[in-house]
Amino acid sequence: MSKLDLRFRQVHLDFHTSPDIEGIGSEFNAEEFASTLEKARVDSITCFARCHHGMLYYDSKLFPERVHPHLKNKNILKEQIEACHKRGIRVPIYITVQWDYYTAQEHPEWLSITEEGSINGGPEDGPQKPYEPGFYHTLCVNTPYRDFLKAHTKEVLEMFDPADGLFFDIVFPVDCSCKDCRKGMLEKGFRPHVKEDRLKYAQQMINEFKMDITQFVRQFNKECSIFYNRGHVGTAHRPVVDAYSHFELESLPSGIWGYLHFPITIRYARNLGLDCLAQTGKFHTMWGDFHSFKNKAALEFECFNMLALNAKCMIGDQLDPNGKISKPVYDLIGSVYSQVEKKEPWCKNAKPVTEIGVFTPEEFFGAGIGALPPSLQGITRMLQEGAYQFDVIDSESDFSRYKVLVLPDNIPVNEELANKLKKYLAVGGAVIASFESGLNEQKSEFGFKELGVRLKDELTCDIYGNPVKGKVFPRFDYADYIIPRGEIGKGLPETEHVMYIKGLEVEALPGSEVLADVILSHFNRTYEHFCSHRQTPSSGKVGYSGIVKNGNVIYFAHPIFTQYYQNAPRWCKQLFMNALDMFMKEPLLRHEGPSTMLATVNEQEKENRWVVHLLHYIPERRCQDIDIIEDVIPLYDVKVSIKTSKEVKDVTLVPEHEALKFDMKDGRLEFTVPKINGHQMIAINYRGV
């Protein structure tokens with residue numbers, strides 16, 4: 001496995017250019033191109049060999065028919081690389097894989113086919129129709145197309161030897177029923193007519209494809225970077241991590257990803273052993289948004305948040321068909337990357353300091369671009385708003401790194417995972433679970449008995465006999481209530497608090513402590529009886545156990561994290577944070593800033609220092625489509641407290657090199673940050689062992 005150390009200030013330069021546009025590259029000037037990048041402090045740029053239109057941007061000897069018909073300078077890629085290398089700028093080479101419009105038209109026998117016989121599109125696109133614009137006709141890499149791809153890749157590696165890297169784009173598992181996949185499924189014992197089997201085969205096949213291509217590439221170049229992009233990095237990447245030199249997390253928050261996608265994916269990916277690069281865009285919306293500009297404050301936040309979460313930075317751009325690089329775009333990029341450059345010394349080789357491990361439902365149910373599990377999004381919001389330091393993990397992660405593990409809403413527990421959790425508890429760990437988490441895979445009973453609850457015999461159903469647990473009803477038809485009391489209710493009034501989504505009806509086992517009962521409404525909302533505009537008020541009658549504690553385990557019967565994702569009741573967050581406080585009296589970081597401030601703690605072990613990142617940018621839904629960041633709202637005199645047993649030498653604002661006064665009190669380092677103007681880093685230097 002390559003241990004590539006990525007650069008901090010990268011650009012991904014799209015060049016998907018229609019063959020119907022003339023004068024391609026007519027205004028390209030290699031010196032101007034590289035000089036503009038250098039002035040913008042860019043140290044790596046991904047440039048194109050072949051685009052989604054299927055066009056080549058070099059003088060191909062093997063496939064001259066694929067060279068863009070109006071490419072004025074057939075050496076454009078060569079000149080891009082040479083000019084950048086003179087300035088020490090890396091140039092990984094882009095090769096499209098499953099989207100190539102030219103190939104799709106010329107070789108329909110290589111297309112991926114749905115079970116209905118139509119052409120597969122991308123993960124978000126559905127079947128492709130013949131009269132819709134776009135190049136989203138997905139090719140199947142299980143066909144002879146793979147032979148073409150290898151020949152094309154070999155030519156690129158030989159023509160641009162030694163290549164800095166290869167970026168293979170659009171590489172994802174496809175539910176394919178083409179003749180080659182049907183044959184492959186039958187040979188491996190899968191049933192092609194069963195969707196579940198097709199999906200399992202698709203994942204196996206795409207993993208095999210990645211390993212095959214990496215081995216092929218290594219015949220010609222032992223050192224170049226290799227990445228396969230599918231728009232998301234998640235649990236499916238763990239089994240095939242050896243095919244990668246690093247991870248690139250495509251996550252344009254103004255596109256279909258949103259502002260939660262990156263923090264969730266990086267908190268998982270950064271623990272898989274490879275360096276990580278995060279990718280946003282200069283676009284107001286997303287890829288292909290020509291002549292648009294992201295607000296500077298948004299681009300700052302996105303890049304600084306990458307640094308705070310242990311990723312290098314990449315900004316997506318698209319080169320004009322004429323090949324002329326946009327000075328205003330690189331003025332914008334340079335205004336951010338000049339700041340990133342100054343911050344790098346306190347980010348290089350930094351590792352997160354975390355206390356909480358959050359299981360991802362993606363391991364069990366999958367996830368897609370812009371479609372991360374609601375419970376995972378909800379708990380990420382809660383923990384970020386509470387300034388907790390956490391990772392996203394799966395069942396193969398090292399549990400011993402964390403003080404508390406959280407199983408949000410729908411994490412099934414089989415015998416193997418149950419035993420691993422028991423061993424974790426036996427050495428002092430703590431677990432918080434909610435709703436259906438802890439049930440076995442059949443959801444017939446709890447596979448993790450340590451939750452201290454069992455299913456009640458009768459579950460509430462709607463008038464058609466369907467269970468209503470966990471379902472979202474617009475008028476909260478089956479809502480019930482919790483009365484917070486004692487330690488679990490700290491900060492909340494001791495009265496009914498509505499739980500909009502019906503919980504899993506359980507009862508506490510002997511020896512378990514009920515921290516809060518569920519109070520039923522007078523009746524559920526149906527056409528037969530209803531009250532006012534929404535849920536029926538409390539009846540005062542206990543229905544089932546709502547929050548249960550069994551030793552070092554706390555269980556919430558309601559899907560509180562999905563609920564927070566849905567409409568963010570503060571009491572759901574407060575109940576969860578109170579549960580965390582019961583197991584973690586002294587969290588790593590506390591601050592007196594608003595919940596809109598993000599805070600992370602990283603360690604640079606060789607430098608004997610921790611680096612705290614504080615960010616305050618507020619995404620707003622100013623329009624129908626996307627969240628907007630336009631203004632920076634400074635914060636002043638924010639008090640911060642860090643739990644540490646280290647002997648602290650000094651606390652310094654960086655990169656400003658301004659010393660802060662600090663105190664040690666009851667095992668906590670305390671200091672005040674005079675101003676946070678968007679992003680502030682604080683270096684805590686301590687004496688080495």
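Colleague: Which residues lie nearest the centre of the largest pocket, and how many residues line the pocket?

Modeller: Please bear in mind that this is a predicted model. Pro173, Leu199, Gln203, Arg230 and Gly366 lie nearest the centre of the largest pocket, whose lining comprises 39 residues. The space in this pocket amounts to about 1300 Å³.

Colleague: Which helix gives the largest share of the lining?

Modeller: Helix H6 does, with seven residues. Both H6 and helix H10 (362-365) contribute at least two residues each to the lining.

Colleague: How does the lining divide into nonpolar, polar and charged residues?

Modeller: The lining of the largest pocket holds 13 nonpolar, twelve polar and 14 charged residues.

Colleague: What describes the packing of two helices?

Modeller: One gives the angle between the two axes and the distance between them. In this structure, helix H4 (residues 145-159) packs with helix H6 (residues 195-218) at an angle of about 30°, and their axes are 11 Å apart. Because angles under 35 degrees count as roughly parallel, H4 is roughly parallel to H6.

Colleague: Is the crossing of H4 and H6 left-handed or right-handed?

Modeller: The crossing of these two helices is right-handed. On the H4 side, the contact is made by Arg146, Leu149, Lys150, Thr153, Lys154 and Leu157. H6 brings Met205, Glu208, Phe209, Asp212, Ile213, Phe216 and Val217 to the contact.

Notes:
Residues are numbered from 1 along each chain as its sequence is written. This is a predicted model: local features need pLDDT of at least 70, side-chain atom pairs count only at pLDDT 80 or more; totals for chains, interfaces and linings use all residues. Side-chain values use heavy atoms; hydrogens and water are left out. Axes are lines fitted to C-alpha atoms, for helices over the stretch in contact, and angles run from 0 to 180 degrees between N-to-C directions. Helices (H or I, at least four residues) and strands (E, at least two) are DSSP runs, numbered from the N terminus. Angles under 35 degrees count as roughly parallel, over 145 as roughly antiparallel, 65 to 115 as roughly perpendicular and the rest as oblique. A crossing is left-handed if the near helix is turned anticlockwise from the far one by less than a right angle, and right-handed if clockwise. Contact means heavy atoms within 4.5 Å. On a 1 Å grid over the protein atoms alone, a cavity is a set of points where a 1.4 Å probe fits but cannot get out, and a pocket is an open set with protein on both sides within 12 Å along at least five of seven lines; lining residues have an atom within 4 Å of a point. Grid points are joined across faces, edges and corners, and a volume is the space filled by probe spheres set on the points. Ala, Val, Leu, Ile, Met, Phe, Trp, Tyr, Cys and Pro count as nonpolar, Asp, Glu, Lys and Arg as charged, and the others, Gly among them, as polar.
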